[in-house]
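Colleague: I'm new to this one and would like to learn how to read it. Could you walk me through a few features?

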Amino acid sequence: MRVVRVAEFGGPEVLQVVTVPDPVPGPGQVVVDVEAAGVLSIDTVIRSGQAGEIFPVQLPYVPGVGSAGQVSAVGEGVDREWIGRRVLADVENGGYAEQITTAPENLIPIPDGLGTWEALALLHDGSTAMQLFDRIDLRPGATVLVQPAAGGLGSGLVQLAHAAGARVIGAARGARKLKAVEELGADVVVDYTTPGWLDQAGRVDVVFDGVGGELGRAVFDLVEPGGTYSNYGFTGGGFTEIDRDEAARRGVTAIGMEQLVEGQPHRRTWARRALKEAVAGRIRPLIGQTFPLEQAAEAHAALENRETLGKALLLT
C-alpha cells in the first residue's frame with residue numbers, strides 16, 4: 001500500500017509517497033481501507049518541526065490524525081461485526097495512507113444519512129468547533145466575530161453561532177471565501193487583508209480567533225467588556241500574546257490554546273455530537289477541495305498559503 005512519509009522536518013516537499021507492506025491486524029486491532037484523510041493546519045505545523053513540545057512525533061512518521069473508510073479486517077478478540085462498517089478513525093498519526101491499523105476504540109461509526117467525506121470533515125474541525133462553542137456563554141443577539149471564517153473549523157463556528165441567534169461577523173480573505181461564509185449564515189463578512197476592516201467589524205462580544213499573531217491581537221482589542229476572546233490557532237505566524245492582567249482590567253475573558261489540550265480526552269464525544277448535528281441538518285461541512293494522496297505536498301502548500309476553502313481532503 002502507499003503512505004505519505006516524513007523523514008525530516010521541513011516544507012511541504014518533505015512529504016513523500018512510499019510503498020510499504022499491507023497491514024495485518026494484530027490482537028485487538030482492525031484494518032480500515034481508507035477512502036479519505038483529513039488535512040489539518042496542525043499537520044503542517046508538525047511537519048515543519050514547530051510543534052514538538054505540544055505534538056511530539058518521532059521521525060520518520062506518517063502524518064494524519066483522522067481518516068475515513070471501511071473496516072476490511074479484524075484481529076483476534078475483535079467483534080467481526082465491524083467488518084464492512086463505514087467508520088472514522090481518530091488516530092495519533094498514520095492517517096495519510098491507503099490502509100491503517102488501529103484499535104476499535106479509536107473508531108466512530110458514520111451514521112446513515114451522512115456521506116463519508118462529510119463525516120470526515122467533521123471529525124476534528126466539527127468536534128473542535130463544538131468544544132470551543134461549549135466554552136462560551138453566548139446569549140441570543142450577541143455579536144460574534146470568527147476569523148478565519150472560511151476554513152473547516154471557522155465555517156462550523158459561523159453556523160453554530162448563527163443557529164444560537166448571534167449576529168455573526170465572518171472574517172476571511174477574497175471574494176470566493178467571503179461569499180461562502182455569507183452563505184453559511186454570516187450577517188456581515190469582512191476581508192481582513194483590506195484597510196479599515198477592523199472598523200467594518202466594529203465592537204464585538206465574542207471573538208473566535210484561529211489566526212493568532214498580529215491579527216489575533218487586533219481582534220482582541222475589539223472585544224467589549226464582559227466579552228470573550230477565544231484563541232485556537234496561529235496560522236498567522238505565531239501565538240497571540242494576551243496580557244491576562246490587561247484582559248482582567250477590561251473585563252474580558254481570554255481563553256488560549258490550552259483549551260484544546262484540556263479537551264483532548266473528550267474529542268470523540270464532541271465528534272459524535274457534530275455528526276448528529278449534521279444528520280439533523282443544523283450544520284453543513286464545507287469541503288472546498290480534494291487532492292489525490294500523491295499530492296499531499298500540494299495540499300499542505302495550499303493550506304499554508306491560505307488558498308483552501310473549508311476542509312481539504314486527501315483521497316486514496
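Colleague: Let's start with the open sheet of six strands: what order do the strands have, and is the pairing parallel or antiparallel?

Modeller: Keep in mind that this is a predicted model. As a general idea, strands of a sheet pair through backbone hydrogen bonds, and the pairing can be parallel or antiparallel. Here the order reads 10-9-8-11-12-13, and the pairing is parallel.

Colleague: Which strands stand at the edges?

Modeller: Those are strand 10 (188-191) and strand 13 (253-255). Each has a single partner strand, so one side of each has no neighbour in the sheet. On average, neighbouring strands of this sheet are turned by 15° against each other, ignoring direction.

Colleague: How many bridges join strand 8 and strand 11?

Modeller: Strand 8 (residues 143-147) pairs with strand 11 (residues 204-209) over four bridges, in the parallel sense. To see the pairing residue by residue, look at Gln147, which stands opposite Asp209 in strand 11.

Colleague: And which strands does helix 7 touch?

Modeller: Helix 7 (residues 213-220) packs on this sheet and touches strand 8, strand 11 and strand 12 (223-231). The direction of helix 7 makes about 155° with that of strand 12.

Colleague: What is Ala312 in contact with, leaving aside neighbours within four places in sequence?

Modeller: Ala312 then has contacts with Ala37, Gly38, Val39, Gln289 and Phe291.

Conventions
Residues are numbered from 1 along each chain as its sequence is written. This is a predicted model: local features need pLDDT of at least 70, side-chain atom pairs count only at pLDDT 80 or more; totals for chains, interfaces and linings use all residues. Side-chain values use heavy atoms; hydrogens and water are left out. Contact means heavy atoms within 4.5 Å. Two strands pair if DSSP finds at least two bridges between them. Helices (H or I, at least four residues) and strands (E, at least two) are DSSP runs, numbered from the N terminus. Axes are lines fitted to C-alpha atoms, for helices over the stretch in contact, and angles run from 0 to 180 degrees between N-to-C directions.
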